[in-house]
Amino acid sequence: MSVLTVQAVEWTGDDKFCGICHIMTPELNSYHLDKHGGKNGVGFQAACVDCHLPHDNVLNYFIRKSILGIEDVYGNTFKDPKKFDWEKNRKRAKEYVFDTGCLRCHANLKDATSSNMKAFLPHRDYFNGLSQKKCVECHLDEVGHKNLGLHLKEYLKENYKPYPNAFLVDGKKMSLEELSTIPNPKLGTKATKSQTKE
């Protein structure tokens with residue numbers, strides 16, 4: 001692999017490059033407010049490719065980088081980003097956030113013991129192969145892009161399509177307002193807006 005190829009991969013992997021496209025405005029803004037975007041006590045900042053490309057092998061990395069790059073160029077050239085259903089697309093996050101990226105930085109979770117129940121319990125089944133969930137399925141609204149829903153709403157304005165527009169509770173569709181009337185078993189009270197996620 002040539003030095004130029006390595007340098008090109010570096011140049012095209014961070015928020016400065018990915019943020020060139022107008023289609024990424026809400027993602028970029030929410031990323032800069034997130035821990036992974038540098039809003040943390042140590043100043044660490046993950047590059048876009050740290051999460052959004054697989055790190056299991058070099059060939060897979062380059063193939064996915066090429067495919068995603070072509071899709072982004074096509075989307076910016078031939079599609080109106082304000083007509084795209086971004087919230088619905090977020091539910092497909094496991095297709096473009098890779099566990100191999102998460103585990104490059106968070107491999108320590110595999111060795112967590114019961115002395116750290118916050119890390120141990122949720123990850124025990126994952127590392128023992130008893131759960132088929134991807135990291136992003138549990139952490140979608142917690143990492144990567146803080147309050148992305150709010151940024152999408154601001155960017156898309158009248159084209160914003162909230163998702164989900166209803167929650168399924170015991171087989172019945174309920175709005176966020178209806179959901180907030182259900183007693184919270186942990187607190188013995190009704191859920192409030194602040195207890196529900198955007």
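Analyst: The account below begins with one lysine and then turns to the salt bridges.

This is a predicted model, in which local features need pLDDT of at least 70, side-chain atom pairs count only at pLDDT 80 or more, and totals for chains, interfaces and linings use all residues. Residues are numbered from 1 along each chain as its sequence is written, and side-chain values use heavy atoms, with hydrogens and water left out.

Lysine 65 lies in helix α5, residues 58-78 (helices are DSSP runs of H or I, at least four residues, numbered from the N terminus). Lysine 65 is buried (under 20% relative accessible area, with exposed over 50% and partly exposed in between; 1.4 Å probe, protein chains only). Leaving aside residues up to four places away in sequence, lysine 65 touches Val9, Thr12, Gly13, Val49 and Leu53 (heavy atoms within 4.5 Å).

Elsewhere, charges do pair: the structure holds six salt bridges. One of them joins glutamate 87 and arginine 90 at 3.0 Å, N to O. These two residues are three apart in helix α6 (residues 86-90), and therefore separated by about one helical turn; both are buried. Glutamate 154 forms a salt bridge with lysine 157, with the closest N and O atoms 2.8 Å apart. Here glutamate 154 is exposed at 53% relative accessibility, whereas lysine 157 is partly exposed at 47%.

Technical notes
Lys, Arg positive; Asp, Glu negative; His and termini not counted. Salt bridge = Lys/Arg side-chain N within 4 Å of Asp/Glu carboxyl O.
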